Amino acid sequence: MSLVNIKIEGVPYQVEAGLTILEAARECGYNIPSLCTFNHGQCSLGSCRVCLVEATGARGLVASCVYPVAEGMEIRISSPKAVKARRTSVELLLSNHNRDCQQCSKNGNCELLNVAQITGAREGAFKGKKTSTTYDEFSPSIVRDTSKCILCGRCVVRCQEAHGNGILGFENRGFETIVAPAGNHSFANSPCLLCGQCVSVCPTGALMEKSEIWKVDKAMAEGKHVVVQTAPAVRASLGEEFGMKIGTPVTGKMVAALKRLGFDKVYDTNFGADLTIMEEAHELIARIKNGGTLPMITSCSPGWVNYAEYYYGDCTDHLSSCKSPHEMQGAIIKSYYAEKNGIDPKDIFVVSIMPCTAKKYEKERPQLAVNGIPDVDAVLTTRELGTLIKRSGINFTKLPDEEFDQDIMGIYSGAGVIFGVTGGVMEAALRTAYRTLMGEEYGPINFTEVRGFDGIKEATLNLAGNEIKIAVAHGMKNAKPIMDDIRAGKSPYTFIEIMCCPGGCINGGGQSYIRPSLLINEDADIIDTYKQKRADALYSEDERQTYRQSHNNPQIQQLYAEYLGEPNSHKAHELLHTTYVKDRVRFE
Amino acid sequence: MQKLSEAAVKQINEICDRHINDKTPLMMILSDIQKEYGYVPIDVQEIVSERTGISVAEIYGVVTFYSFFSLKPKGKYIIGCCLGTACYVKGAQRVIDEFCEILGIEPGETTEDGMFTIDALRCIGACGIAPAVSINGTVYPKVQVNQVHSIIDEYRKMG
């Protein structure tokens, strides 16, 4: 590593050669106002001109996000010329921006507004034509509003980095340029996975989740029996909505908040996860014993299911027929729970709090309804739950820790908790499959081979004489080689876990925004560590549980004894299993 | 959207294979398809995407960035009216307006009978003979508004 000598505002520093001015300045304690603070400027095309500085050896001002430091360079961030230029850049961006900030749900997390305040951009400094607007709200998951797009390209890069063949790109040219799926198609009519990764990196309100808070309000106003369930990953991120450190588990406070929001019952989707494991582990064993389609692939992630249907429709037999945990739980709420409590399923309204935007779409799949009644009625993201709590004046950080409702489906195992992180579903399934095949619990409990954030993780296990090769992939870029092997008939695996979002649900498109420029109390490297911190929150909750394996959850045992019979029974199939589309049209 | 014939799919794949090992194959592939079919619609882009591994979004971006490519079929005769600076000051706007008026279409559109497409071009490098109009490679110099009718008739007669 070679070092170069530079000066910033006249003060000498030694920094690594090859860094951009922006990166070097950050190491020296300066935050140059910029819009590409995301992932080491991964998205940086140097096009927004917000981070202009003076640097010796350069002609005029330079964009610090792309200009490398050089020996002897003297950098001025605070010179009047640079300060004015940065302000002008932002004012120009704002001139073609729909500034309805007050009603924009990115307000509070908007990096453009933040940088506008920092640079002192004046309202209406430049007036002129605006690019014609596309407002796409056809998909149940994501809203795209080009009037707020600043063409930074972060979403384009994120989609590609996560999923290989990105759905988003720049179209047209010059002033008419927009970011869109090919042909300016709606997300609903294009092979978009609806994962929301683009939403999580969009610095403005151009990409947003489609809010369903109004549906919950309506159900409550109509006096429905409203049951809420929370996905495991939500507890690892919700605290961030209230300024808590990333990775703070807030299970108890989340429950306390939900109870104060007027829900009739507050349950944990971890119960549904335990149920999924019972069904999935037994489905796997049955497939191994009866020569069924192998490898079997998990089906909890609706973004992944979308990908499979769009690009590998011929391979959907490999998907487990299990519904995802919140859909299973919804189905049980509207059957077993309804019967036990003497409530008509039509009067029950199930709300799922999810780290995910694709789940909003998933709940509307006709395959995920029983007798025409959808298993789940509304899906809110972690961020939307944050909004709901703030709206009600609840001081989240001061709440006591409370417990989920304990009746019928209040108990969950640690195996259910780790569903929220890549490798977690695999580990949970293995804990139960091991017990079923070997007749005893797996001694160390944890299958650490499948933990961590490598794109593809592999392991080989010997279960009762069956050599089982497993794989875990997250991000569709990593799923593709696995699926190509399956299609070619040369996959070495028996069981595969695939999750759509890189890192799994803890990094889902519905989680709290990670905005390094707005997270002043986090470490400088938070962009590299937040996934691990959220994962740790889940693994630590797993360790604290009385029951660590799904099959040991007494309420799961009771549900089978009283209602379902046994895993994969006829009744279980009716309520807990689903089908997939083989020939889904990509562009309509 | 119309389903592509098997023969067309085969040919598009062949065009892709021709350039797949180039350093930047996309421009060459799209250019060959444009020449062969006269346009590059989205279902063709999907086939190119599958063969090359380049996303449809990126291909669509390239097709809509360069005016050489077209998403819709072009007419038999493509009337390219130069609107570069020199042509413009010599009255090219009035010339293109006249073409549009007579044919009843806007720049970028094609007549219903599939005969004519009008393209508004940036400078074609023929400033000495401004305003210039190019029809399927034939260049008409110093075009006056009152000539437009007879130029169109010329092609109508050829059919």
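At what angle do the axes of helix H8 of chain A and helix H14 of chain A cross, and within what distance do they come?

**View 1. Helices H8 and H14 of chain A cross in this predicted model.** Here we look at H8(A), residues 269-290, and H14(A), residues 424-438: their axes come within 9 Å and cross at roughly 55°. That angle is why H8(A) is described as oblique to H14(A). As for handedness, the crossing in which H8(A) passes H14(A) is right-handed. Two packed helices are described by the angle between their axes and the distance between the axes.

**View 2. Residues of H8(A) meet residues of H14(A).** On the H8(A) side you will find A:Ala273, A:Ile277, A:Met278, A:Glu280, A:Ala281, A:Leu284 and A:Ile285. Facing them from H14(A) are A:Ala428, A:Ala429, A:Thr432, A:Ala433, A:Thr436 and A:Leu437. By class, the contact of H8(A) with H14(A) consists of 10 nonpolar residues, two polar ones and one charged one.

View 3. If you follow chain A to the loop between H8 and strand E13 (296-297), you reach A:Pro295. Most residues other than glycine have a negative phi, and most peptide bonds are trans.

**View 4. A:Leu151 has a positive phi.** This residue is not a glycine, yet its phi is about 60°. To find A:Leu151, look in the loop between strand E7 (142-145) and helix H4 (154-163) of chain A.

**View 5. Strands E18 and E19 of chain A form a hairpin.** E18(A) covers residues 456-463 and E19(A) covers residues 466-474; the two pair in the antiparallel sense over eight bridges. One of the pairings to pick out is that of A:Leu461 with its bridge partner in E19(A), A:Ile468. Two residues lie between the strands, and A:Ala464 in the turn has a positive phi of about 50°. In a regular strand the side chains alternate between the two faces of the sheet.

**View 6. Chain B touches chain A.** Chain B brings 11 residues to this contact, and chain A brings 14. On the chain B side, the elements giving two or more residues are helix H3 (42-52) and helix H4 (56-65). H4(B) gives the most, with seven residues. Sorted by class, the side of chain B that touches chain A has five nonpolar, four polar and two charged residues. For the model as a whole, the scores are ipTM 0.87 and pTM 0.92.

**View 7. Chain B is built from seven helices and four strands.** Reading from the N terminus, the order of elements is α-α-α-α-β-α-α-β-β-β-α. The C-alpha trace of chain B spans about 50 × 30 × 20 Å along its principal axes. Mean pLDDT for chain B is 92, and 99% of its residues reach 70 or more. Within chain B, confidence is highest in helix H6 (residues 92-103), at 96, and lowest in strand E2 (residues 116-121), at a mean of 92.

**View 8. Chain B has a cis peptide bond at B:Pro131.** Going from B:Ala130 to B:Pro131, the peptide bond is cis, with omega near -10°.

Definitions and conventions
Residues numbered from 1 in each chain as written. Chains lettered and ligands numbered in written order. Predicted model: local features only at pLDDT ≥ 70, side-chain atom pairs only at ≥ 80, totals over all residues. Axes fitted to C-alpha atoms, helices over the stretch in contact; angles between N-to-C directions. Parallel < 35°, antiparallel > 145°, perpendicular 65-115°, else oblique. Left-handed = near helix turned anticlockwise from the far one by under 90°. Contact = placed C-beta atoms within 7 Å. Nonpolar A, V, L, I, M, F, W, Y, C, P; charged D, E, K, R; others polar. Pairing = 2+ DSSP bridges. pLDDT = per-residue confidence, 0-100.
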